[in-house]
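Visitor: I'd like to go through the aromatic side chains in this one. Can you take me through it?
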Amino acid sequence: MSAADVPVTPSAAAPAARTRAPAAAYISWAALAMMTTSSVASLRAAPTMAVYGLAAVFLYIVPAIVFLLPTSLVSAELASGWDGGVYKWVSEGISKPMGFLAVWCQFAMTIFYYPTLLGFVASTLAYVFNPELASSGVWTALVIVVVYWTGVWVSSRGTKGIAGLASGGLIIGTLIPGVILVTLGIVFLGQGNASAAPMDASHILPEWAGLASLVLIVNNFLSYSGMEMNAVHVSSLRNPGKEFPRSMFLAMGLVLAIFILPALAISWFVPSEELSLTAGIMQAFEAVFAEFGWQWLTPIIGVMLVTASLSGMLTWLAGPSKGLLLISRQEGYLPPFLQKLNKNGVQQNILVTQGVITTVIALGYALIPSVSSAYWIFSVITTQVYLIMYLLMFVAAVRLRRNHPDHPRGYRAPILLSLCGVGFAASLAALLVGFIPPSQFGESSPGVYVLIVGGGALGLGLLVPFLFYRMRKPSWKQPDETQAEVSPS
């Protein structure tokens with residue numbers, strides 16, 4: 001995911017124009033590739049895969065083929081043919097209740113995603129002040145609560161210009177630190193130093209020790225999610241049929257480079273058994289700079305990484321909730337309290353309610369003994385909730401192609417049925433594998449792990465929207481006010 005670190009798809013309010021863009025509005029396929037890269041690539045996931053050493057290459061490429069590529073091409077066809085983002089795609093392809101479930105999952109995944117993102121911020125900040133704090137659950141919980149509520153306060157004021165922070169965050173907090181890490185890693189190896197992880201051909205594939213040894217690959221699906229965000233720009237290409245696939249393949253190459261090379265560099269410096277899933281990137285920078293006598297740079301890199309994460313959080317904090325708000329007002333899916341806007345036209349009550357839940361989740365970092373364990377559990381819940389939306393999207397795409405074959409589309413994905421079949425199977429497999437504790441949880445109770453993950457994912461992703469749908473009332477509809485008060489995001 002991006003330096004923004006928030007996998008936000010087009011909100012339900014965001015139209016994807018079916019008509020061709022005027023000449024002045026055309027964008028090049030290379031520019032779209034850059035936009036896509038900035039919305040997906042990040043250093044945050046590098047420690048997760050660094051524990052696999054050279055096998056990280058395999059574990060990144062496989063989900064890119066079976067998930068990233070189908071998601072990109074299928075969503076491009078949907079965006080070029082139907083206005084309204086994933087809600088319209090799923091409601092037209094399946095049903096309106098399923099459309100609500102899809103847009104709900106876009107929003108609900110952020111409830112667990114922000115604690116995960118801010119857990120990374122907390123561990124990174126620890127290296128700025130005191131590295132020992134990186135393993136403190138209390139410190140992590142405190143940072144999550146303070147930073148999240150600060151973000152809510154900023155967003156609720158309707159601050160303008162925040163969106164521009166994302167591109168700056170990509171350069172400051174992803175590209176520059178990534179290049180430094182990889183370059184110094186290459187120099188380190190070039191000086192004859194041994195890699196902490198084996199780099200020979202026998203370690204290209206991950207060691208098979210049961211399903212638990214491969215569970216971490218699930219996190220890579222979340223790393224790639226959000227590619228459909230830029231599918232709305234397919235109609236702005238001069239020749240979508242040729243240029244969009246070209247753009248996606250370039251973006252895939254760039255994203256893979258940003259994901260794989262820093263992960264390998266971390267594995268050169270930090271032994272896998274010593275690697276923290278939240279603080280691993282800072283462990284690597286600390287080890288790198290120690291080799292060259294540049295320890296004073298560690299806090300600076302920490303600030304750069306935090307800048308990228310915070311800019312992304314502010315950029316996308318209100319995005320999914322705005323899409324949910326618009327659809328809920330039109331169809332009456334949420335009670336009036338959650339539909340209320342403040343004087344700045346911001347859905348403050350949704351953000352505050354989300355903040356209360358985020359605060360409760362943050363306490364998990366203080367209560368769960370291992371910060372890395374809490375980080376991983378919340379990452380899996382986030383992934384599973386979001387995968388529900390992808391399952392619905394692939395089904396909707398097949399039904400729309402079958403039931404509306406002549407509907408105008410600016411781009412038609414090749415072998416759509418196969419793409420949807422592969423994407424659906426991969427998403428379902430990732431969702432199911434998420435219930436298996438990874439090898440790092442060998443001493444923990446599998447039953448407790450399944451209960452926490454299953455309760456979080458199924459409860460938030462299915463039970464809550466079902467209850468909202470069953471409790472809805474005609475008086476909850478406020479379509480006229482929506483059009484006046486909420487502008488498309």
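Predicted model: local features only at pLDDT ≥ 70, side-chain atom pairs only at ≥ 80, totals over all residues.

Visitor: Start with the fold. How many helices and strands in the protein chain?
Guide: The protein chain has 18 helices and zero strands.

Visitor: And what share of the residues is buried?
Guide: Buried residues are 58% of the 489 in the protein chain.

Visitor: What about contacts, how much comes from residues 24 or more positions apart?
Guide: Taking contacts in the protein chain with a separation of 6 or more, 84% are between residues 24 or more positions apart.

Visitor: Now the rings. How many aromatic pairs?
Guide: The count is 16 aromatic pairs, with ring centres within 6.5 Å as the cut-off. One of them is Phe-100 with Trp-104: the ring centres are 6.4 Å apart and the planes are at 45°, so this pair is tilted.

Visitor: Where do Phe-100 and Trp-104 lie?
Guide: Both are in helix H5, which covers residues 96-129. They are four residues apart, about one turn of the helix.

Visitor: Now Phe-129 and Trp-139. What kind of pair do their rings make?
Guide: Edge-to-face, because the planes are at 70° and the cut-off for that class is over 60 degrees. The ring centres of Phe-129 and Trp-139 are 6.4 Å apart.

Visitor: Which helices does that pair tie together?
Guide: Phe-129 is in helix H5 and Trp-139 is in helix H6, residues 137-156, so the pair ties together parts that are 10 residues apart in sequence.

Visitor: And how do Phe-129 and Trp-139 come out on accessible area?
Guide: Phe-129 is exposed, with a relative accessible area of 60%, whereas Trp-139 is buried, with 18%.

Visitor: Back to Phe-100. Which residues form the aromatic cluster with it?
Guide: Trp-104, Phe-107, Tyr-333, Phe-468 and Tyr-469 form one aromatic cluster with Phe-100.

Note on methods: Residues numbered from 1 in each chain as written. Heavy atoms only, no water. Phe/Tyr/Trp six-rings, centres within 6.5 Å; stacked < 30°, edge-to-face > 60°. Helix = DSSP H or I, 4+ residues; strand = E, 2+ residues; numbered from the N terminus. Buried < 20%, exposed > 50% of the residue type's maximum accessible area, 1.4 Å probe, protein only. Contact = heavy atoms within 4.5 Å.
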